[in-house]
Amino acid sequence: MKVFCKECNLPLTNELMHYTGKSFGLADGQHFIQKGFYTISDGDFFTGTNGSVIINNDDQVNIINHTNPSKLSGCCGLDGTRGNKTCANGHEMATEYSDCWMPFAVVFEKEKIIIK
């Protein structure tokens, strides 16, 4: 499957396979999910994201940092401020977690994407 921006249909990932395992990388500074895979959030780890697609940070394509600097908090990366990523056309649609004190992931806002 691939993720696309609902507003402009720009692809936001390469082809990804569904991760069916139960083990995720929960250590600080490690990837939550392996490259090339996606999972659907149960809302437990990334609070408030139930039903959202989660990918490895390295699987992002056509995604840029938000232009609003107040959404780009963090010391070594992005700390998960809601909506800190946009598609290359400027449509807000995801949150990146990449700060040193957390596992790394990108979580899409389910109402702002299309899955094909």
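In the predicted model described here, the side chains of Lys85 and Glu96 meet in a salt bridge with an N to O distance of 3.1 Å, a salt bridge being a side-chain nitrogen of Lys or Arg within 4 Å of a carboxyl oxygen of Asp or Glu. This pair links distant parts of the chain, since Lys85 belongs to strand S6 and Glu96 to strand S7, 11 residues apart; strands (E, at least two residues) and helices (H or I, at least four) are DSSP runs numbered from the N terminus. Both Lys85 and Glu96 are buried, where buried denotes under 20% relative accessible area, exposed over 50%, and partly exposed the range in between (1.4 Å probe, protein chains only). Residues are numbered from 1 along each chain as its sequence is written, and side-chain values use heavy atoms, with hydrogens and water left out. Because the model is predicted, local features need pLDDT of at least 70 and side-chain atom pairs count only at pLDDT 80 or more, whereas totals for chains, interfaces and linings use all residues.

By the same rule, the count of salt bridges comes to four. Side chains of opposite charge can pair when their charged atoms come close. Lys71 forms a salt bridge with Glu92, with the closest N and O atoms 3.4 Å apart. Lys71 lies in the loop between strand S5 (63-65) and strand S6 (85-87), and Glu92 in strand S7 (residues 92-97), so the pair ties together parts that are 21 residues apart in sequence. Glu92 counts as partly exposed, at 25% relative accessibility. A further salt bridge joins Lys112 to Glu109, the closest N and O atoms again being given as 3.4 Å apart; Lys112 is partly exposed, with a relative accessible area of 28%, while Glu109 is buried at 11%. Through salt bridges that share partners, Lys71, Glu92, Glu109 and Lys112 are joined into one network.

Aromatic pairs, defined as rings of Phe, Tyr and Trp (its six-membered ring) with centres within 6.5 Å, are classed as stacked when the planes are under 30 degrees apart, edge-to-face when over 60 and tilted otherwise, and the count comes to seven. Phe24 and Phe32 form a stacked pair, 4.7 Å centre to centre and with 5° between the planes; Phe24 is partly exposed at 26% relative accessibility, whereas Phe32 is buried at 7%. The ring centres of Phe32 and Phe46 lie 5.0 Å apart and their planes stand at 70°, so this pair is edge-to-face. It links distant parts of the chain, with Phe32 in the loop between strand S2 (17-18) and strand S3 (37-40) and Phe46 in the loop between S3 and strand S4 (53-55), 14 residues apart. Phe46, like Phe32, is buried. One aromatic cluster is formed by Tyr19, Phe24, Phe32, Phe37, Phe45, Phe46 and Tyr97.

At the level of the whole protein chain, the secondary structure comes to zero helices and nine strands. The radius of gyration, taken over C-alpha atoms, is 13 Å, close to the 13 Å that the globule rule (2.2 Å times the number of residues to the power 0.38) gives for 116 residues, so the chain is as compact as a globular protein of that length. The C-alpha trace spans about 35 × 30 × 25 Å along its principal axes, and buried residues make up 45% of the 116 residues.
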